[in-house]
There are 2 protein chains.
Amino acid sequence: MKKYELVEDSLLRQINTGAYPGGTLLPTEEQLTEIFGVSRQTVRKALSILEDKDIIEKKQGSGSMVKIRNPAADSGKVSVIVTYIDDYIFPGQLRGVEEVLSKNGLSAILSATKNRICSERKILEDILNDPVAGILVEGTKTALPNPNIDLYERLAERGIPIVFFNSVYPALKDMLYVCADNQRGGYELVTYLLGKGHKSIASIFKADDIQGHERYSGYISAMFGSGLFVSDSKTIWYTTETKEKLFDEPRNILSSIGDATAVVCYNDEIAFMLIKLLISCGKKVPEDIAVVSFDNSSLSEMSPVKITSLSYGDKNIGSIAAGKLADIIGGRKASSEIIPWKLTEKESS
Amino acid sequence: MKKYELVEDSLLRQINTGAYPGGTLLPTEEQLTEIFGVSRQTVRKALSILEDKDIIEKKQGSGSMVKIRNPAADSGKVSVIVTYIDDYIFPGQLRGVEEVLSKNGLSAILSATKNRICSERKILEDILNDPVAGILVEGTKTALPNPNIDLYERLAERGIPIVFFNSVYPALKDMLYVCADNQRGGYELVTYLLGKGHKSIASIFKADDIQGHERYSGYISAMFGSGLFVSDSKTIWYTTETKEKLFDEPRNILSSIGDATAVVCYNDEIAFMLIKLLISCGKKVPEDIAVVSFDNSSLSEMSPVKITSLSYGDKNIGSIAAGKLADIIGGRKASSEIIPWKLTEKESS
DNA sequence: TTATTGCTTTTGTACATACATATTTTGCTT
DNA sequence: AAGCAAAATATGTATGTACAAAAGCAATAA
């Protein structure tokens with residue numbers, strides 16, 4: 001065994017067993033020379049290795065100090081996979097993710113799939129080649145079966161913790177998630193409107209988004225549960241691509257709404273645009289038509305008529321999901337969580 | 001300068017300029033001793049540093065080989081440092097960054113400083129410990145001198161390319177940046193209003209943000225340049241912390257505006273809130289008071305009166321900055337860029 | 001009290017030397 | 001030509017010495 005390794009190991013063991021607590025000075029190089037019976041150069045080599053390992057801090061004229069251990073500084077990187085980075089409500093979630101990760105000494109590697117399965121696959125393959133401490137995924141929005149399940153399973157087998165947020169693939173068993181119950185959300189909004197006396201309720205949902213399907217499903221079951229007939233024409237479907245043109249033809253929208261006295265919207269963005277359209281057509285909100293939606297974002301406040309909206313209250317789904325991931329990485333336990341909806345009643349209903 | 005640093009720098013420069021391509025052997029320690037006229041120990045110290053930096057690979061009995069690729073650049077991770085992740089206009093920039101990086105086989109590690117120097121320092125130190133292929137930085141918004149310049153310089157010395165966007169520290173020389181000319185922007189907006197016949201112009205600017213100072217400076221110089229007197233009371237200053245309460249007292253705002261027939265706002269968010277306040281106070285926009293601002297974001301469309309606003313047109317400053325960084329990482333050349341302002345005239349002026 | 005100066009301690013830089021160990025080359029033997 | 005051993009070459013480990021530079025401390029002067 002090499003002498004400098006002996007010195008290094010000996011010092012390291014003493015530091016780890018508390019002989020030299022963090023913040024204290026080691027013996028001087030001269031003293032170590034005598035203690036170990038080696039030359040000063042050999043002592044210096046050992047100390048230099050400990051310095052490289054971030055265990056001690058040398059300071060000219062002062063001495064070699066044992067560093068105060070920061071277990072969070074293990075430079076763990078977490079892969080955060082989302083569909084769209086600037087998609088309306090996500091930036092706030094991302095802020096929560098980054099805040100919590102950085103508090104836990106982790107950092108976020110960001111990738112966007114743009115709702116493309118092939119992008120998601122490439123990102124997951126990259127992670128397999130260059131592993132990370134954990135993965136936070138926004139379940140891809142497509143309602144189609146996901147062909148990348150195999151990669152998620154391989155990553156899980158490797159022991160890389162994965163936490164889903166916003167939505168989760170049903171095909172994946174025993175996977176941690178933090179989501180809302182979208183089906184229940186749709187149900188709650190309709191129940192609220194029914195309680196207000198509405199009998200004919202139209203809706204606008206997103207078609208290329210499983211959350212849209214779920215919210216629609218809740219809408220339907222609440223209507224049927226109250227014995228109300230729902231015409232297919234009263235539900236307007238849109239996709240990411242058709243969103244911009246959705247309100248270009250007011251007549252189409254108005255004819256779909258027909259005699260309905262209320263509209264359930266997929267989110268505040270849609271509700272906001274709908275309200276502007278209704279006002280420009282001479283309709284009054286909520287007197288003629290009530291509008292409710294999801295997210296209770298800043299848009300619901302900016303709208304000419306403030307929007308009644310479901311949300312997670314003051315909970316940040318990004319913070320919660322990142323917290324669970326940090327727990328697992330840190331060896332603590334965590335479990336899935338369904339965030340309850342909170343209704344904020346405003347002017348639009 | 002220390003001798004081992006001279007040897008190290010000289011070798012590094014020769015490696016970088018192609019004198020020793022990847023895969024070739026450096027001269028032996030003995031030869032280097034003669035070439036540089038220093039002792040073998042000094043040569044060894046220099047080589048040891050290059051080895052730590054992953055630039056060469058020493059092999060007993062064989063020699064010191066120049067590594068074919070820098071593994072830090074190979075891992076393809078870029079550190080993206082911003083102040084606030086969900087700050088109004090940034091998510092769109094971040095989307096551009098992620099798109100361009102991923103097209104170039106790179107990925108973004110995201111960190112937020114929250115405008116705190118100590119956070120920025122910690123992030124930069126982490127990068128020094130665990131190098132990345134490049135750094136994209138949103139210059140910290142404070143108008144104070146930045147104490148972290150030394151770390152930026154050390155990173156640059158290590159050969160890690162750095163590109164600033166939105167703003168840059170004047171103290172850093174030869175640093176790439178992609179910014180707007182904020183001073184000119186303030187000037188252009190005021191010139192536009194003067195052209196419309198306005199003579200008394202109020203303003204609202206952000207105080208804890210160098211861009212706010214620059215835009216204010218442009219506003220002032222345009223007013224003075226036209227021989228118009230500017231009362232200090234006509235400029236309303238706010239900070240990140242006071243933003244929420246800024247419009248709580250309509251009287252304060254109205255008294256500051258006084259007899260002004262136009263207001264230059266720091267950005268669309270402020271202009272939006274101002275317009276809502278003016279309308280609720282019975283003022284007509286633009287008949288009574290014109291409002292102009294910066295960014296031309298989606299908010300300027302959502303406003304009850306669509307807002308005349310300066311912006312980068314269809315250019316995404318995040319994409320541009322990320323493109324330049326990818327160019328440098330890929331061995332191509334890139335230069336700083338000042339994005340010209342583009343005025344979009346709408347209803348509010 | 002405060003500021004300055006000089007001394008001591010401690011780490012940093014630099015050189016010289018000797019021998020160890022791994023790798024490559026050379027030359028000899030078969 | 002192939003295999004093997006010795007020699008040469010290159011880096012690794014270890015020690016000794018000398019002086020430089022930074023930090024802390026104590027004595028001294030204003």
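Visitor: Which helices and strands each supply at least two residues of the surface near DNA strand C?

Guide: This is a predicted model, in which local features need pLDDT of at least 70, side-chain atom pairs count only at pLDDT 80 or more, and totals for chains, interfaces and linings use all residues. Residues are numbered from 1 along each chain as its sequence is written, chains are lettered from A and ligands numbered from 1 in the order in which they are written, and side-chain values use heavy atoms, leaving out hydrogens and water. Chain A supplies helix 3 (40-52), strand 1 (56-59) and strand 2 (63-66), while chain B supplies helix 1 (3-16) and helix 3 (40-52); these are DSSP runs, numbered from the N terminus, with helices (H or I) of at least four residues and strands (E) of at least two.

Visitor: What touches the phosphates of DNA strand C?

Guide: An N or O atom in the side chain of A:R44 is 2.9 Å from a phosphate oxygen, and a polar side-chain atom of B:Y4 lies 2.4 Å from one.

Visitor: Switching topic, how many salt bridges cross between chain B and chain A?

Guide: The rule, a side-chain nitrogen of Lys or Arg within 4 Å of a carboxyl oxygen of Asp or Glu, finds 6 across that interface, including one between A:D86 and B:R95 at 2.8 Å, N to O.

Technical notes. A polar contact is a pair of N or O atoms within 3.5 Å; within protein, one must be able to donate a hydrogen and the other to accept it, and residues adjacent in sequence count only if both atoms are side-chain atoms.
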